[in-house]
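Hi,

Here is the structure I promised to pass on. Have a look at it first, and then read my notes below.

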Amino acid sequence: MDADDVALAPGTTPSHRRHSISQLVYITVLISAGVLAMFLLHVLGSLRRRSSNKALHAVVLGAYTLSYLLVSYSLGLMQDSEEYFNEFAVWAVCLLMLLGGTDNLMACKLDEVDNWKSFHVRHLFKGALVVLIVAVYGGEVDEYQKPLWGILCVNILQSCVRIKSMRDASKSNLLSKNVKPISDYMKSEDKRQLSSAVTMKGYRYVVAGEPSLRKHGKEAMDGSRDDKEITTVEQIYECEGSLLSSESKRGMRLKDICLSMALSKMLNRRFAGFELAEVKANRQKTNDFVFQGLLAGDNKYERAFRVIEVELGFVYDLYYTRYPFLYQKIRHFALGLPVAMVTFCSWLTYELSEKHKIKQGEDIPLTATLCLMAVVTFLEAFQLYLHMASDWFKVALIRGYVTRRYLQRSGCTCFSHMVIGLVLRLKALRPWESKLGQYSLLEKYNSTRYRSNCCHVITLFLVDKAKKGRKRGDLVKLSIQVKQAVIDSLIRSKGQLANGARSLEDNGVHELLSWACAASDETLIHSILVWHVATTICKNQLDAEPTKGAKQIAVEDSSAVGTAAPSVQDSSAVASSLSQYCAYLVAFSPDLLPGHSYDSESILDQSIEDARSFAPLKGTKKMKDKCKILLSTSDTSINDNHPVAQGARLARQLMEIQDKALRWKVLSDFWAEMMLYVAPCDDGQARAHLEALARGGEFITHLWALLTHAGVLKRPPNGSEAA
């Protein structure tokens, strides 16, 4: 460490050097922790929307929350340091990058978006401190000056983008500037020509162009102005350039990404409380869009859920990331900030490495700074890749390709085609992990989560106390069989939802089992638990049978689905996974289900208490023994008003159906129909789905979005016809 790289502060004596060195080591550790936090936010932040892993979310939340304290404390130590190091300027900029440099994590919770002003004030204060430190310490080394100030300027711009993104996603701004123009536009959209859900002719859903709608108002909305800034689904699907050819699978998938973008704006209107004018004016058109469009063709299950999956990814990004602002407000320069940041970070890393060669590794602060900047440069390059592989960038490229006709001509634009084609082939992680949460009442009613309760006490009640009898089961893969069962049920219903009674009629067992169907929303959760208990008992009995068909069947994806009737194995896997998923929603996400969450929790609590207090079950741990006891118990030996008792009664009646294939078809069809029935919700309850996206997403949210696009906005009150 040379004298040129460090200077004693005024009034400092050599006796303080030992203390200064220990302070320098302490600051270096803090800066390293800051870079580690940046790594966690960049990498794990991109996984947050696709994973429901609680540990991952806890790590991201911890890094996000502690970053403010870490930055404040570290900047204060650098200011009060008894010795001045040239590397302080680099460290301070790295800390500021921790606060404002992660594009894929703008906020962890919705409340933070609405409180964007407090974030603005805190960031202004931290930014001023960093500028001061760079101005004081950064001038000592000339080769640092340009890249350091470049990084600082880009970071300040990134922070401004973050603040603007939070403001745009806040309730007040979302209503006035982003959603209202789309809502007004859609009121006039249905007055246009005849539509075709196959070719998307007449479906003028807006892909992009809200600023033009706001600027030109009625002229753009009534079609009297041909505005090239407004791009619609109809325009995208009319384009037959080689990159978007309807004859190629990749071309159709790229068009579907733009369709997902347009559909996400419909959900945003529901979040903001606006009516869906296209549903009110022409319900049949929206119905046709799903049943004759999304669900048409050979791969209807795959395509429908893929479109919805990408759509919910766009919705998540609007509220929790900076991508929407970059590609809607400054789309021509969207890549400018990440490219500039990578360039300046690489430049600074190069300058540090050159100086490190001269020092021959003897300068410890310089060595630490070089290592930290190498990591930061890698993270910024990773973030640049995420930008280029994102669906937002793909939509921006496709939009430019569609609106610029010369790009669609062959011959003279081979290079442009090649570049655009290569970028469009970049792949990012799927927006959702496609897994279902599971909970078994009979298996977990006696469980106690000691670890969670200990965390509850240790963290002084920061972690919620685990409720009795609630322990999550292992996640299962959302199989193609489950998708097929749900979509087939939707197609059979033609949008007229039912609470399971219709499936019983179709299978000829309505008279025997209809008593277990909910008569109203007040008894719906009760009915779900009754059927869940019955399904659990039947599945356990099936698994106990010494035949090939009775083995435990894992719910796995298959590359294709045959046209033959589903086997007992497939039907039992579908019924069991959906049964435990609905029970999981009752136990852990009751706000996504009909009725008040408190009522759902109370019904489950009572059911758990009934199971615990039932004398024959006490001390019984094995599932096969529990099921045997319940099957052998008469209806009068336990309280017949509660789900466990009624579930046992229902299981006995189901076991009377001698044809196993029919028995499991009854259960599979019931749960597929019930899954659709509980999915719709009022606009006021839609916010719960938005919050669920930040926790990794739920299958019921995908069904809610699909039904919204089909014009099914509310659940029928009597369970037999759509709203």
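Let me start with one histidine. In this predicted model, the side chains of His42 and Thr102 make a polar contact, at 3.4 Å. His42 belongs to helix 1, which covers residues 17–43.

Is His42 buried or exposed? Its relative accessibility is 1%, and the cut-off for buried is under 20%, so His42 counts as buried. Leaving aside residues up to four places away in sequence, His42 touches Gly101, Thr102 and Asn104, and also Leu379, Glu380, Phe382, Gln383 and Leu386.

Now for the protein as a whole. It has 723 residues, of which 57% are buried, and its secondary structure consists of 32 helices and six strands. Taking contacts between residues at least 6 apart in sequence, 79% of them join residues at least 24 apart. The accessible surface is about 30,900 Å², with carbon and sulfur atoms providing 57% of that area.

A word on confidence before you zoom in. The average pLDDT is 83, and 86% of the residues score at least 70. Two stretches need some care. Over residues 6–16 the pLDDT stays under 50, and the model has 17 contacts beyond four places in sequence for them. Residues 548–563 also stay under 50, with 29 such contacts. Where pLDDT is low, predicted coordinates should not be read in detail.

Definitions and conventions:
Residues numbered from 1 in each chain as written. Predicted model: local features only at pLDDT ≥ 70, side-chain atom pairs only at ≥ 80, totals over all residues. Heavy atoms only, no water. Helix = DSSP H or I, 4+ residues; strand = E, 2+ residues; numbered from the N terminus. Buried < 20%, exposed > 50% of the residue type's maximum accessible area, 1.4 Å probe, protein only. Polar contact = N/O pair within 3.5 Å; in protein donor to acceptor, adjacent residues only side chain to side chain. Contact = heavy atoms within 4.5 Å. pLDDT = per-residue confidence, 0-100. Areas by Shrake-Rupley, 256 points an atom, 1.4 Å probe, with all protein chains shown as cover.
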